[in-house]
Every structure is written in C-alpha cells, then in structure tokens.
Amino acid sequence: MLCLLAGIAYGSDPVQPLTLTEYEVQAAFLYNFAKFVEWPPEVLKSSGDTFTLCVTGADPFGNDLDDELSGKMVRDKKLALKRIMQSKDISTCQVLFVSASEDNRLGALLSKINGLPVLTVSDMDRFIDRGGMIGFSMDDNRVRFSVNLAAADKAGLKISSQVLKLAKAVQS
Amino acid sequence: MSAFKDYSIRKKLMVMSLGATTGALVLACGAFMVYDAIVYRAGLVSNLSTLGEIISSNAASSVVFNDPASAAKTLASLKARLGIIGADIYTPEGSLFASWEPAGSVPFSSTGIVFTGSETHRFSQDALILLHPMIFDKALIGYVVIRSDLSSLKKRFKRYTGITAGVLIVSFIVAVLISLQVGRKISAPILHLVEVAQAISEKKDYSVRAKGEGPDELGVLIRTFNAMLTEIGRLNSELEQKVVERTAQLTAVNKELEAFSYSVSHDLRAPLRHIGGFTDLLLKNVALQENAVARRYLSMVIDSVRQMGALIDDLLSFSRMGRSELMKGRLDLNDIIQNVIAELTPGTEGRAIEWKIGDLPEIHGDTAMMRVVFVNLLSNALKYSRGRNPAVIEVGSERGPDGKTVFFVRDNGVGFDMKYVDKLFGVFQRLHTVDEFEGTGIGLATVRRIIQRHEGRIWAQAAVDQGATFYFTF
C-alpha cells in the first residue's frame with residue numbers, strides 16, 4: 001500500500017504506472033491515521049485485541065477498504081472493519097469514517113459521539129468546521145487533509161505532530 | 001648504511017640514538033594517527049547514523065502520507081549540520097522519493113548503493129555515504145541516504161601530520177643535543193684511550209697513563225689498560241736490564257776469547273818461524289844433498305809451515321779488524337780498487353781477464369780496512385774464475401730499493417749452490433776443497449766483520465757455474 005502511495009508521487013515510475021483512485025488513497029490514509037493518533041490507554045485496553053475502523057453512511061470505498069486493510073495490524077491489534085447503521089454501535093469504533101451521504105445528519109451524529117474517544121474522518125465539505133476531527137479534500141488531484149485539534153483534544157485523542165505538519169490546515 | 005662500520009664511535013653512537021629516537025617516534029606517531037583515523041571514522045559513521053535515525057523518524061509520516069515536499073523539508077534541516085553534502089529518501093524499491101542538497105552542489109546518483117534492510121556505510125574518495133533503512137511500525141517504508149564530506153577528516157589528518165612533523169623535528173633536535181652530550185661522555189674516554197695507545201706505540205714511552213678511571217665499563221677498561229701498561233713497562237725494563245747484563249757478559253767473554261786467540265796466534269808465530277828456519281837450514285845441509293827422499297819430506301814441511309803462517313796471518317788480520325780503532329775519513333774507492341788490481345796482477349800472468357770497473361762514489365770509512373775488503377773480494381773473484389777465458393770481473397754500484405747505494409763485485413767463475421749461502425761468511429768455512437782452490441776460509445769472515453763495523457751489510461747471490469755476485473752497503 002505504502003509502496004503504491006510512493007508510486008503516485010512519481011507516476012512516471014515505469015515499474016508501477018499506477019493511478020490510485022481518490023478512495024484508495026483515503027483508505028490508506030485512514031490506516032495511517034490509526035498509527036499516528038494516540039487513544040487513551042484504557043480505551044485500547046477495553047477494545048480487546050481488535051482495532052475497529054467503522055464506516056457509516058453510503059460506503060464510498062466499495063471493496064477497496066476490505067482489499068487493502070484486511071489482515072493488517074494496528075498497535076499489535078487486528079484491524080477490523082465495520083459498516084454501521086445505528087449510532088448506538090459507534091462506541092465500539094476507534095476510527096469512524098463518515099460518508100458524505102450523512103451530510104444532513106452530521107450534527108446529530110457528532111453530538112452523539114461527543115466526548116467519546118473516536119477519531120472522526122470524512123471527505124464531506126467543511127467537516128472540521130462543523131465539529132469533525134480530520135477532513136479530506138482534493139487539491140490538484142492530490143488527497144490532502146485538515147485537522148481540528150480542539151475536537152480531537154476534547155475526545156482525549158492526541159494527534160502526532162508528524163501528522164499535523166503534513167496537514168493542509170490545523171484548527172485549534 | 002654499509003659504511004656504518006667505518007664510522008667513528010662518536011658517529012656510530014649518534015646515528016644509533018637518532019635512529020632509535022626517530023624510528024620509535026615515527027612508529028608511535030604512525031600508530032597513533034592510524035588509531036585516531038579509525039576512531040574518527042567510526043565517530044563520523046556513528047554521527048551520521050544518529051542523523052539517519054532522526055531523519056528516519058521525522059520523515060516517517062511524510063513517507064507514509066506520500067508527501068515528498070514535507071520529506072524534503074525534513075531533509076533540509078540537515079543544512080545546519082557541518083559536512084553534510086546531501087541527503088535523500090528512497091522508496092523500498094530504490095526509487096527517489098525526496099532529496100535535498102545544498103545549493104550549487106553536484107547532484108548525487110544512487111548508482112552503486114545497495115539497498116538492504118540493515119544500516120550500511122561506505123567511504124568513497126571524498127565522501128562518507130550512509131544508508132539507513134526507515135522502519136515504521138515494524139515495516140520497511142524506505143531508506144534515508146546521507147552523504148557527508150571528509151573535509152573534517154582530511155583537515156584533522158593534515159593537522160595531525162603537522163603536529164607529528166613538529167614533534168619529530170623538536171625531538172630530533174633534543175635527541176641530537178642529548179646524544180652529543182652522552183656520546184661525548186662515552187666516546188671521549190675511548191678517544192683518549194686511542195690517543196694514549198697511539199702515543200705509546202709511537203714513542204715507546206710506557207710511563208704514560210690514560211685518565212678517567214670512572215666506575216663504569218669504560219673506567220674498568222682504562223684501569224685495565226693502565227695496569228697492562230705498568231706490566232709492560234716493568235717487563236720491558238727487566239728485559240732491558242737483562243739484555244744489558246747479557247751483552248756485557250758476552251762482550252767480556254768475546255774479548256777474552258779474541259785476546260786468547262790473538263795471543264795464541266801471535267805466540268804460534270815464533271815457534272813456526274823456528275821450524276821454518278831450521279828446516280830451511282836442514283835442506284841446505286850438504287849431508288842431505290844426496291838424499292832425495294829426505295829433501296822431498298823437508299820441502300813438504302816448508303810448504304806446510306808457509307801455509308800455517310798464512311793461516312796465522314789471516315787469523316791475526318781477522319782479529320785486528322775486530323779490535324783496531326776505525327780511522328774514518330772520506331775515501332775514493334776507485335783509487336783503492338786500482339791499487340788492489342795493480343797489486344793482484346803479478347799472480348795472473350797468462351790469463352785473459354776483463355775488468356769492468358764502474359765509477360764508484362766517495363764513501364766515509366777506514367782506508368786500510370776498505371783495502372782489505374777489496375783485496376779479499378777481488379782475489380776471490382780472480383781465484384774462482386780461474387778456468388774462464390776470459391774471466392770477467394765487474395765492480396760497480398747501484399741504487400737499492402731503500403735509496404742506499406749498493407756496491408757489488410761480480411765474477412763469471414764457478415759460483416756456488418745457494419743452499420750453502422749461510423756458511424759463506426763463517427770463519428774456516430769453505431765451499432771448495434783446498435785441492436780445488438787454495439785459501440784459509442777466513443777472508444769473507446774478515447770482509448763481513450769490516451762491513452759490519454762500518455754499519456753495513458753484505459750478502460751474496462750465485463748459482464753453480466754461473467758466477468757469483470757479492471753485494472754490500474754502508
């Protein structure tokens with residue numbers, strides 16, 4: 001996957017003339033965020049030996065997410081994927097990708113998660129302005145992201161400076 | 001170095017101490033420089049490795065989030081580091097992901113880099129190249145390659161070489177001063193000893209003593225040398241004393257013997273004259289005129305008396321030549337020789353004789369004795385060349401190898417066998433029988449005695465039937 005990412009940067013590389021779709025890149029980013037964000041220790045303890053990445057709303061990834069992330073490990077835990085429909089299941093997620101289809105219900109969703117140690121990520125417009133933590137955007141055909149540090153802090157999540165320095169914008 | 005053994009002791013000591021000092025210093029400095037170079041290189045590698053680790057963790061997110069610009073920014077943080085001439089990040093497959101080089105530097109080619117999972121480094125002509133694998137969350141995500149120039153290493157080497165050269169020069173000077181000082185202490189007594197030994201060998205003065213009897217081996221040598229001198233001096237004076245005593249004894253005995261033989265010879269003359277005189281009278285006695293046998297016996301007695309008289313005369317002459325005072329003066333040998341020849345000529349009627357007389361230089365000597373010398377030598381030459389026709393007798397002089405004038409008397413007579421040459425000048429020694437050649441065997445002994453009294457030397461060269469040559473010097 002990472003190799004694939006490197007491949008994008010230098011698309012002229014004759015060995016791997018690959019063009020990844022926007023969502024393939026986003027899937028990889030989701031996995032990377034899991035590595036650069038710290039959850040409160042007790043959260044990781046209670047989650048058992050799985051690390052759960054949830055998608056809510058209309059899934060834009062299709063099979064990409066399963067193809068690329070199944071079998072991977074995060075912080076010595078097995079990565080598990082969940083598509084959730086009901087907001088009550090949210091508390092079992094460590095990362096939640098909110099599909100752009102949930103634009104209208106975002107306020108209710110975020111108020112439900114409020115205070116829970118769940119990293120919220122979405123590619124909908126103005127996601128972080130509206131209380132989300134990491135928002136994807138396209139910039140010159142590249143996937144970029146912005147971070148709402150205040151929202152993350154409130155949820156007890158620490159986003160690594162390594163990630164912050166790559167962000168297009170950081171709100172605090 | 002082959003000439004080393006020909007050096008003086010002082011020079012040898014100097015060369016030795018300087019050689020040892022310089023050699024030891026060069027070795028020590030060399031070893032130190034090599035050790036320092038190794039340690040310094042290891043330090044460079046370790047520094048670069050730390051930088052690689054830092055870059056690797058700082059750029060990990062840039063790599064996994066595929067942000068080459070951010071990675072390049074991280075790499076650019078190295079510009080504050082001295083000696084770093086460039087850094088790159090490569091993907092695990094070896095393609096360039098991000099790169100930083102100081103402005104104006106030559107772009108770096110990754111050719112020759114072997115991408116492996118563990119850290120490696122390589123020293124090229126003027127750079128150290130370090131490859132550090134980037135591990136993130138237990139996975140290889142790329143490589144950091146950092147290049148450092150070796151200017152600091154070279155500067156350090158130059159500085160060390162300078163310091164080493166300085167230390168070498170200073171220690172060389174100090175070593176020269178010390179070895180001069182110490183060398184003088186060692187060589188001076190030896191040189192002194194050599195001088196004393198030479199002086200003694202030249203002047204034979206055994207009372208001289210070497211100075212400097214220190215407690216070391218040189219002192220022992222000098223003490224032993226002095227002790228040996230004392231011993232030699234003692235032995236020498238004892239020997240001289242002995243020689244003087246023996247010489248005195250010998251001279252006394254010799255004188256006694258001479259006096260004895262002189263008086264015997266002298267006293268023998270009177271009875272002999274009586275025998276001769278009365279035998280003569282008897283021969284003239286009328287009563288015996290008819291008795292041929294008696295007359296023959298009587299003439300044989302007279303012959304023997306004459307022969308004995310000649311012998312006694314020769315002995316007395318020999319004795320006189322040893323005892324009488326030398327009346328030395330300048331004398332012309334040419335005159336003497338002409339006189340002697342004139343004197344000898346009456347006995348040579350009927351013989352063909354060729355005289356070859358060279359022009360001889362004047363000498364300083366006793367005229368009477370010199371006459372005896374030539375009478376003996378020339379009459380010998382005449383006698384032993386009796387059978388030759390013509391007899392050739394040569395008298396001359398030549399310059400010897402030592403510059404002295406050598407006189408010679410040469411004949412073409414019967415000569416003699418050189419193995420008997422030792423007997424030639426002895427009293428009563430004859431190489432021929434009286435039947436072949438008459439004579440008493442005293443002539444050459446007399447000649448040698450005269451030559452020796454003139455502080456000269458006489459010797460002979462001959463071969464059977466090839467003639468004989470007598471040489472002498474004064």
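Author: The axes of helix α6 (residues 292-323) and helix α9 (residues 443-453) of chain B come within 9 Å and cross at roughly 10°, where axes are lines fitted to C-alpha atoms, for helices over the stretch in contact, and angles run from 0 to 180 degrees between N-to-C directions. Because angles under 35 degrees count as roughly parallel, α6(B) and α9(B) are roughly parallel to each other. On the α6(B) side the contact is made by B:Ser317, B:Phe318, B:Met321 and B:Gly322, and on the α9(B) side by B:Ala445, B:Thr446, B:Arg449 and B:Ile450; residues are in contact if their C-beta atoms, placed from the backbone, lie within 7 Å. By class, this contact of α6(B) with α9(B) has four nonpolar, three polar and one charged residues, with Ala, Val, Leu, Ile, Met, Phe, Trp, Tyr, Cys and Pro counted as nonpolar, Asp, Glu, Lys and Arg as charged, and the others, Gly among them, as polar.

The model is predicted, and local features need pLDDT of at least 70, side-chain atom pairs pLDDT 80 or more, while totals for chains, interfaces and linings use all residues. Residues are numbered from 1 along each chain as its sequence is written, and chains are lettered from A and ligands numbered from 1 in the order in which they are written.

Turning to the strands, an open sheet of five in chain B has the order β7-β9-β10-β12-β11, with mixed pairing; helices (H or I, at least four residues) and strands (E, at least two) are DSSP runs, numbered from the N terminus, and two strands pair if DSSP finds at least two bridges between them. At the edges stand β7 (353-357) and β11 (457-462) of chain B, each with a single partner strand, so one side of each is left without a neighbour in the sheet. Neighbouring strands of this sheet are turned by 15° against each other on average, direction ignored.

Within the sheet, β10 (residues 405-411) and β12 (residues 468-473) of chain B run antiparallel and are joined by five bridges, with B:Asp411 standing opposite B:Ala468 in β12(B). Helix α8 (residues 367-384) of chain B lies across β9 (391-399), β10 and β12 of chain B, and runs at about 30° to β10(B).

Note on methods
Angles under 35 degrees count as roughly parallel, over 145 as roughly antiparallel, 65 to 115 as roughly perpendicular and the rest as oblique. Two residues are in contact if their C-beta atoms, placed from the backbone, lie within 7 Å.
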